[in-house]
Amino acid sequence: MAGTSIKTLPIRQLQNVDQLLINDNARQQLSMVAAKHLNPERMMRVVANAIRTTPKLRQCEPLSFLGALMQCSSLGLEPNTILGHAYLVPFDKNVKGPDGRWQKIPQVQLIVGYKGLIDLARRSGHITSLSANIHYSDDELWEYEEGTEARLRHRPGNMEGQKLHAYAIAKFKDGGHAYVVLPWAHVMKIRDGAQGWQSAVKMGKTEDSPWAKHEDEMAKKTAIRALSKYLPLSVEFMDAMAVDEVGADYRGFAMDPSGGVAQTDGDYIDGEAEDGDADPETDQSKPDQEKAGRQEAEKPKETAKAEAKPAEQAKPDQEKSQ
C-alpha cells in the first residue's frame, strides 16, 4: 500500500500502529481533543520514542492505541517520558472473535503516574505544590501528631529501613495546607484489596504487579488519591482519576470521541509504570476505611466544598483509593 494512501485512510482501515503514526485522520482526531499546550505533531514524536522503548506497543491494536493517545492528549500529559506523568502500556486483552473463540489481542491502556496527578492537581490554580513520600524507620526525623497540636515533619535518611507510612502534602496559594498520612499496614490493606493484586496472587504472578516492581510509587499514588478528596482540583485531575479507576474502552473513544471514554468490563490495567514495562497488572482498590489528614489555615473561599476535615472526623466508609 502506498505511503500516500495510508495517510488518507479512514482510521477503521488502519492495520497497525506504524500506519497510525503517519495517518492524517489520526492526527485530526488528536487535534480535536488535545489540550491547548499540546499539538499532534509533537505527540506523534513522543509516541514514536515510546515505541522504541516499549516495542510491544507496535503490536497493539491501532484503534486502542489511538484512543489511549487521545485520552492522554486531552489530559495534556505526554506519555512515556522522563517526567513520569503518564504511560501507554500494552497488555493482552481477551476478546471473542467472529468464530466465537476467545483470543488475546494486544491493546493499550493509559496509566497516569503519581507525578502526572501532581501536575494535574496544580492546574486548579489553588495549589502551589503537591508532594508525596515514604517514611522509613531509618529516616533522620519523623514527627507526626494529630489533634490541636497537629504537625507533620519528615527528614528522609538512607531509605533502607522498614516502611512505616506513606503521606502526601498539598500547599495552597493562600498559605493553607492539607496532608494525609497512611500507616504502612493500611497501604498494604489497600494493595491486598486491589483487584489486580488479587488477580496476580491467584495467577501466581505477583512479581509482575506494579506493587512488586514499583511499591514506593504505588504507595505515593495511593496517598495522593486519599488526599485528593480534600483538595480543590482541576477538571483534568478528576478525569484522570476516573480513567485510572476503571477499565477504559479506548477503541470506542477513537471511533467516537464525542461520548467520552466509556467504562469497559474485563481485562484492563491500572498502576504505576515505567518505560519498558510490558505488562503491569490491574490495580484498582476499594478500601473499607481510610485515615485522612487535616487541612490548616484558610482555604480558598470558592473551594469551600473541598475543605478537609480533621483526621479524627475524616474516615469514609467506602471510598476508592489506589
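Trp-142, Tyr-144, Tyr-167 and Tyr-179 come together as one aromatic cluster. The model you are looking at is predicted, and in it the protein folds into twelve helices and eight strands. Let's start with the cluster and then step back to the rest of the protein.

**The aromatic cluster**
- The count of aromatic pairs in this protein comes to three.
- Trp-142 and Tyr-144 make a tilted pair, with 6.2 Å from centre to centre and 45° between the planes.
- Trp-142 also pairs with Tyr-167, again in a tilted arrangement, at 5.7 Å centre to centre and 50° between the planes.
- Trp-142 sits in strand β4 and Tyr-167 in strand β6 (residues 163-172), so this pair ties together parts that are 25 residues apart in sequence.

**The nonpolar cores**
- The largest nonpolar core holds 66 residues, and Phe-65, Leu-88, Leu-130 and Ile-224 have the most contacts inside it.
- Helix α5 (residues 62-75) gives this core its largest share, eight residues.
- Both domain 1 (8-117 + 234-276) and domain 2 (127-231) supply at least three residues to this core.
- Take a look at Leu-130: leaving aside residues up to four places away in sequence, this residue touches Ile-118, Ala-121, Ile-169, Ala-170, Ile-224, Leu-227 and Leu-231.
- A second, separate core has six residues, including Leu-152, Ile-169, Tyr-179 and Val-181.

**The protein as a whole**
- Of the 322 residues, 52% count as buried.
- Among contacts with a separation of 6 or more, 66% join residues 24 or more positions apart.
- The accessible surface comes to about 15,100 Å², and carbon and sulfur atoms account for 46% of that area.

**How confident is the prediction?**
- The mean pLDDT is 77, and 75% of the residues reach 70 or more.
- Where is confidence highest, and where is it lowest? Strand β4 (residues 141-145) has the highest value, 96, while strand β8 (residues 295-296) has the lowest, a mean of 40.
- Residues 266-270 have a pLDDT below 50, and this stretch makes 31 contacts in the model beyond near neighbours in sequence.
- Residues 272-322 also fall below 50, with 175 contacts in the model beyond near neighbours in sequence.

Note on methods: Residues numbered from 1 in each chain as written. Predicted model: local features only at pLDDT ≥ 70, side-chain atom pairs only at ≥ 80, totals over all residues. Heavy atoms only, no water. Helix = DSSP H or I, 4+ residues; strand = E, 2+ residues; numbered from the N terminus. Buried < 20%, exposed > 50% of the residue type's maximum accessible area, 1.4 Å probe, protein only. Contact = heavy atoms within 4.5 Å. Areas by Shrake-Rupley, 256 points an atom, 1.4 Å probe, with all protein chains shown as cover. pLDDT = per-residue confidence, 0-100. Core = buried A, V, L, I, M, F, W, Y, C linked by side-chain atoms within 4.5 Å. Domains from an automatic or database assignment. Phe/Tyr/Trp six-rings, centres within 6.5 Å; stacked < 30°, edge-to-face > 60°.
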